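Have the model open beside you as you read.

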Amino acid sequence: MSDTWLMAYEHKCRDFIEQASIADVAHDIHHIERVVRVAKKLALEEAAEWAIVVPAAWLHDCFSVPKNHPDRAKASTIAADKAVEFLSDIGYPSQYHAAIHHAIRAHSFSANVSPETLEAKIVQDADRLDALGAIGVARCMQVSGALGRRLYSLNDPFCEQRQPDDATFSIDHFYKKLFHIADTLNTNAARKEGKSRENFMRDFLRQLAEEI
């Protein structure tokens with residue numbers, strides 16, 4: 001598949017995403033673009049099939065719900081269904097549909113679906129990397145603010161003597177989820193980048209501790 005051929009479909013995927021409703025500000029078109037960019041980089045390094053990785057990255061959040069929605073675990077499956085329906089409508093080659101469906105369905109934490117292909121692992125890695133580093137801090141605060149979470153607990157703000165409660169405190173989400181992401185990444189390139197981004201976040205909390 002030539003780059004020019006795939007690029008034409010990329011434009012259609014982008015248009016489709018821009019028309020979709022987003023669940024929260026942390027899953028907007030900017031998130032999608034970052035995931036696509038990282039997924040392409042990982043696909044190049046891992047010699048994966050771009051015809052699967054690229055549309056799956058563009059469409060992985062074509063349906064989403066807020067973080068606290070009771071149907072959160074179903075969202076990636078619905079997104080996968082919608083994505084394949086859209087790709088079929090625009091004439092995207094059908095031999096890639098099943099693999100794209102799996103990659104989208106498996107990208108989500110909440111769905112708890114193990115990625116079985118290299119391409120699915122790359123899409124999952126690219127999405128999870130966007131929860132780490134400087135952008136990860138910013139996205140955590142965006143979502144936490146929208147959900148009305150307080151920044152930190154006055155009693156043990158860094159979860160040294162208590163279990164993290166990220167339904168109440170923003171900083172607790174680092175300990176409940178974010179600091180465990182790097183260890184879940186699938187590819188060597190993603191794990192290296194993930195640890196670098198995690199170290200930045202730990203530095204951020206050390207600075208926060210000094211200030212409070």
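**How the helices are described**

An axis here is a line fitted to C-alpha atoms, for helices over the stretch in contact, and angles run from 0 to 180 degrees between N-to-C directions. Helices (H or I, at least four residues) and strands (E, at least two) are DSSP runs, numbered from the N terminus.

This is a predicted model, in which local features need pLDDT of at least 70 and side-chain atom pairs count only at pLDDT 80 or more, while totals for chains, interfaces and linings use all residues. Residues are numbered from 1 along each chain as its sequence is written, and side-chain values use heavy atoms, with hydrogens and water left out.

**Overall build**

The protein has nine helices and zero strands. Its radius of gyration (taken over C-alpha atoms) is 18 Å, close to the 17 Å that the globule rule (2.2 Å times the number of residues to the power 0.38) gives for 212 residues, so the protein is as compact as a globular protein of that length. Along the principal axes, the C-alpha trace spans about 55 × 35 × 25 Å.

Of the 212 residues, 49% count as buried, meaning under 20% relative accessible area with a 1.4 Å probe and protein chains only. Contact means heavy atoms within 4.5 Å; among contacts between residues at least 6 apart in sequence, 63% join residues at least 24 apart.

**The nonpolar core**

A nonpolar core is a set of buried Ala, Val, Leu, Ile, Met, Phe, Trp, Tyr and Cys residues joined through side-chain atoms within 4.5 Å. The largest one has 53 residues, and Trp58, Leu59, Tyr92, Ile100, Ile104 and Phe174 touch the most other members. Among the elements that give two or more residues to this core are H1 (3-19), H3 (50-59), H5 (97-106) and H9 (188-211).

What does isoleucine 104 touch, leaving aside its neighbours within four places in sequence? Its contacts are Ala56, Leu59, His60, Ser76, Ala79, Ala80 and Ala83.

The axes of H3 and H6 come within 9 Å and cross at roughly 35°. Ile52, Val53, Ala56 and Ala57 of H3 make the contact with Glu119, Ile122 and Val123 of H6.

H5 also meets H6: their axes come within 8 Å and cross at roughly 35°. Here His102, Ala103 and Ala106 of H5 meet Glu119, Ala120, Val123 and Gln124 of H6.

Notes:
Buried means under 20% relative accessible area, exposed over 50%, partly exposed in between (1.4 Å probe, protein chains only).
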